[in-house]
Amino acid sequence: MGRVVAVGERTRVAGFALAGVTVVAAEEPDAVREAWHALPPGTALVILTPAAADTLGQVLVESTRPLTVVMPS
């Protein structure tokens, strides 16, 4: 299986590290976009906070890989 990455506000994604998920804290929109473009090779799944997903908007709609999921609000 590929790598799992969580992107978004530190308080919402930090706990995923306990499950072996690569955590990328991104508080501001520019940091979210940077994190998306710098995803590690082999990333299969990206877990996004609602704010991170809103920031990426159309990029997520147009992307077929990696698989993404948005946390509930």
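Which strand is V5 found in? V5 belongs to strand β1, which covers residues 3-8. Keep in mind as you look around that this is a predicted model.

Let's start with V5. Its relative accessibility is 0%, so V5 counts as buried, the cut-off for that word being under 20%. Setting aside residues up to four places away in sequence, V5 touches V21, T22, V24, L39, P40, T43, L45, V46 and I47.

Now turn to P72, in the segment after β4 (67-70). P72 counts as exposed because its relative accessibility is 66%, and exposed means over 50%. Beyond its neighbours within four places in sequence, P72 is in contact with R12 and P50.

The table gives a C-alpha to C-alpha distance for each of these two residues.

| Pair | Separation along the chain | C-alpha distance |
|---|---|---|
| V5 and W36 | 31 residues | 9.9 Å |
| P72 and P50 | 22 residues | 7.1 Å |

**The nonpolar cores**

Where do nonpolar residues gather? The largest nonpolar core has 13 residues, and V7, W36, V46, L48, L56 and L60 have the most contacts inside it. Two or more residues of this core come from each of β1, α2 (29-37), β3 (43-48) and α3 (50-56). Apart from this core lies another one, of six residues, including A6, V21, I47 and M71.

Conventions. Residues are numbered from 1 along each chain as its sequence is written. This is a predicted model: local features need pLDDT of at least 70, side-chain atom pairs count only at pLDDT 80 or more; totals for chains, interfaces and linings use all residues. Side-chain values use heavy atoms; hydrogens and water are left out. Helices (H or I, at least four residues) and strands (E, at least two) are DSSP runs, numbered from the N terminus. Buried means under 20% relative accessible area, exposed over 50%, partly exposed in between (1.4 Å probe, protein chains only). Contact means heavy atoms within 4.5 Å. A nonpolar core is a set of buried Ala, Val, Leu, Ile, Met, Phe, Trp, Tyr and Cys residues joined through side-chain atoms within 4.5 Å.
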